[in-house]
There are 2 protein chains.
Amino acid sequence: MADQKKMVAEITSMEDDFAQWYTDVVKKAELVDYGSVRGCMIIRPYGYAIWENIQHILDGMFKATGHQNVYMPMLIPESLLQKEKDHVEGFAPEVAWVTMGGEEKLEERLCVRPTSETLFCEHYSHIIHSYRDLPKLYNQWCSVMRWEKTTRPFLRSAEFLWQEGHTMHETAEEAKAETVRMLNVYAEMCEKYLAIPVVKGVKTDKEKFAGAEQTYTIEAMMHDGKSLQSGTSHYFGDGFARAFDIQFTDRNNTLQYPHQTSWGLSTRIIGAIIMTHGDNNGLVLPPAVAPIQVMVVPIAQHKEGVAETATALCERLKKSFRADIDLSENSPGWKFAQYEMKGVPLRLEIGPKDIEAGQCVLVRRDNREKTFVKLEDLESEITRLLAEIHDSLYQKALANREANTYVAHDMAEMHKVADGTNGFYKTMWCGELDCELKMKDEIGVTSRCMPLEQEDLGSACVCCGRPAKHMIIWGKAY
Amino acid sequence: MADQKKMVAEITSMEDDFAQWYTDVVKKAELVDYGSVRGCMIIRPYGYAIWENIQHILDGMFKATGHQNVYMPMLIPESLLQKEKDHVEGFAPEVAWVTMGGEEKLEERLCVRPTSETLFCEHYSHIIHSYRDLPKLYNQWCSVMRWEKTTRPFLRSAEFLWQEGHTMHETAEEAKAETVRMLNVYAEMCEKYLAIPVVKGVKTDKEKFAGAEQTYTIEAMMHDGKSLQSGTSHYFGDGFARAFDIQFTDRNNTLQYPHQTSWGLSTRIIGAIIMTHGDNNGLVLPPAVAPIQVMVVPIAQHKEGVAETATALCERLKKSFRADIDLSENSPGWKFAQYEMKGVPLRLEIGPKDIEAGQCVLVRRDNREKTFVKLEDLESEITRLLAEIHDSLYQKALANREANTYVAHDMAEMHKVADGTNGFYKTMWCGELDCELKMKDEIGVTSRCMPLEQEDLGSACVCCGRPAKHMIIWGKAY
């Protein structure tokens, strides 16, 4: 096991330096590489396969809820970006501008899309005329660009992959229901497939999306206690519709502005997976999106019949799972460490004695628990173990969140719980920006969300002591 | 049928003006919309669903041949683009340049990728060290941008969607075999799934990809006799590897440059589908990629039980096919015309008398043939008809190609066959650029390819009469 130790030693321990641990895992698990474009990721096959699995599940959920995919241009003319005032103020400082086409200077500069509300609205103004044209439930999978100063792979990069849904509705009620419906889709994705518990809530005015009336969010807690905003869903009212002059004839033959939503989830969620489940041996992947669910490692593979039996077993497993085999000349110890680093949920070991006994060994990535399994029971046992791994990961993440969630009633308590810790800090809040800014200045936390499930923690704002309007969660965020 | 005639009359007939017919179909079948970015398409749900079906099939074929998906940045620094001399000369005149990030002027301008050889090479220089790291068989699905002067939806647009495969190999032989293998994948995609017959061949030096040693192509003939290059596969030798300093230690412990390929197929293929199979009633879609394969149209749907029976039938069909139903208040005639315009391969009509008789009517889009089918035989009959439609489309396209393929032995014959026609013109060729340019100037044709299946049409170049080296096809191209 010497070579296993050697590899494990190559990553920084998360207790020593969580940020460096993250960077090490991203690199050693071969998720990304850095190229010469500042802040842009190269997503390698293993990282991209995780994204493909996420896409596949989410796209199915979008289609099951009646959404259709489209594709909009990647460039937005400056005049189009400027049509909605709040929106352009929010995004103009962080866009990349195309100013030349070939040898020619463009008459109007074009930005690389940071998000596509303006493009969808222009298109909607062409195709929405009557209530019969509504709702429009569109989504697109694409890459977007935000010219960030400091970047980290998956968490904050100049370019990232995402999906952005953009919908138009007859009534405000219908649009609001859509906003919540898609928030629930994101929460289901995180909890049922990624084993990441999330808090559903509403952003404060300060933290909401540029141009939105209301922004819903799912907030997850990472292993280090910091928060990660993992998906957002926005209700726009008819603000963009008015700016883009989108009108339809309603059922009473009157001209109306439609009501709009948008919602997005990005490759950032891969950062959430890493920081929620990973450990000092590397990545730990939730089975639903792991590119390889079972890795077959032959033991004493030079002995007669081992490689053949292991290969046949792998082929058999491929019918039911994402399975692979490593027949390279590396030692079993090296392989164990390698697929632990890559977070493969189950390792299957099989050697001459196992073959003789008609069995093999399954080793869980998350807790290294070993199970001897009769070959005839393999599929059912793997199914059971993958489900168990998912549940364990979820419960462990939930326990971590609960252990790092604090309640405070006034600033003295807030200091007591938040100074020197990371976590979710639950308090009451008066709803005023002043207090939100003071929490940032004095405690170093930002508002994460006002949970949809409100709790009664008293009647006074944690900060000013005046009557509280909301229960809110504060945190230190990625 | 008055409203059906009205709608059909809305598109220009292809005999009157093929270009206008194309534009009408693209718009009326709701494939694209135009936004305010010159030359960029908005791909609408119906158009995007065709692309998704193509992606799904091709991606499966790529994975079955051992390829993995990755994602590279969308921007390329100018210095990186310039590393391979022929490549930059080919692409620099037609790229869009990002020169500003937020408020700041960039130190080095970045182009929006027109193709990603340079990015893949930079990454490969980081990860290829030993023969054990080879081959690398990568692909990416993305959008690219080429600042074209004149654009048409799908056929030539400033931005388009595509996949680009980029592979690295130990030996030239292996890389060449990959180039041909992927050409065959494209040919299979076109012929088996899109019902488009293609000629496989090699491009002349003049027409090959910037930086390639050899470009393979599949060429299809459109309904009007013009050619469409439908997919290309390039062999690079070790030119880029040398420019990017990618070296590996071979099996004899010697440093070597790897050999490279790239291959791409784009949304242009949707243009090929439209112009190969479409007719004066609109789009005609090959069943394998049609977003809707069977459209259920209830007849006399206000009568008791019709809508319910038709709906139940549609639900039943959804288990085996991409089926949909139109229960709107539009007349059956309007619906017939609408789904003919959209190219749905089969229409299923069912009314009170059919229900009584336990049957329905299936109408083929391509030839309007009607079949009465017992409801219990529906699935097998639809399967049979969809296969028949595919074969008919393929045979019809092949017959069109054969009817418009000419042979010429000298310039007099070339004038005789090519003046006033569009088509494939087969000749012998000496291999010299002079003759290729003269064919362009004098006849108005460009070289399409030197077919892999060479025919012996004589020994003299059609243009100069000197000894011929290749059999070649000329044409007027999109």
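Is the crossing of H10(B) and H13(B) left-handed or right-handed? The legends below describe close-up views of a predicted model, and they begin with that pair of helices.

**View 1. Helices H10(B) and H13(B) cross each other.** In this predicted model, the crossing of the two helices is right-handed. The axes of H10 (residues 306-318) and H13 (residues 378-403) of chain B come within 11 Å and cross at roughly 60 degrees. On the side of H10(B), the contact is made by Leu313(B), Arg316(B) and Leu317(B), while H13(B) contributes Leu378(B), Glu379(B) and Ile382(B). Sorted by class, this contact has 4 nonpolar and 2 charged residues, but no polar ones.

**View 2. An open sheet of 11 strands in chain A.** The strands follow the order E3-E7-E8-E14-E11-E10-E9-E22-E23-E21-E20, and their pairing is mixed. Strands E3 (68-69) and E20 (405-407) of chain A stand at the edges with a single partner strand each, so one side of each has no neighbour in the sheet. E20(A) runs parallel to strand E21 (residues 424-429) of chain A, to which 3 bridges join it, and Tyr406(A) stands opposite Tyr425(A) in E21(A).

**View 3. Helix H13(A) packs on the sheet.** Helix H13 (residues 378-403) of chain A touches strands E9 (199-202), E10 (214-221), E20 and E21 of chain A, and its direction makes about 30 degrees with that of E20(A).

**View 4. The surroundings of Ile54(A) in the largest nonpolar core.** This core has 190 residues, and Ile54(A) is among those with the most contacts inside it. Beyond its neighbours within four places in sequence, Ile54(A) is in contact with residues including Met189(A), Leu265(A) and Val289(A).

Methods
Residues numbered from 1 in each chain as written. Chains lettered and ligands numbered in written order. Predicted model: local features only at pLDDT ≥ 70, side-chain atom pairs only at ≥ 80, totals over all residues. Heavy atoms only, no water. Core = buried A, V, L, I, M, F, W, Y, C linked by side-chain atoms within 4.5 Å. Buried < 20%, exposed > 50% of the residue type's maximum accessible area, 1.4 Å probe, protein only. Contact = heavy atoms within 4.5 Å. Axes fitted to C-alpha atoms, helices over the stretch in contact; angles between N-to-C directions. Helix = DSSP H or I, 4+ residues; strand = E, 2+ residues; numbered from the N terminus. Left-handed = near helix turned anticlockwise from the far one by under 90°. Nonpolar A, V, L, I, M, F, W, Y, C, P; charged D, E, K, R; others polar. Pairing = 2+ DSSP bridges.
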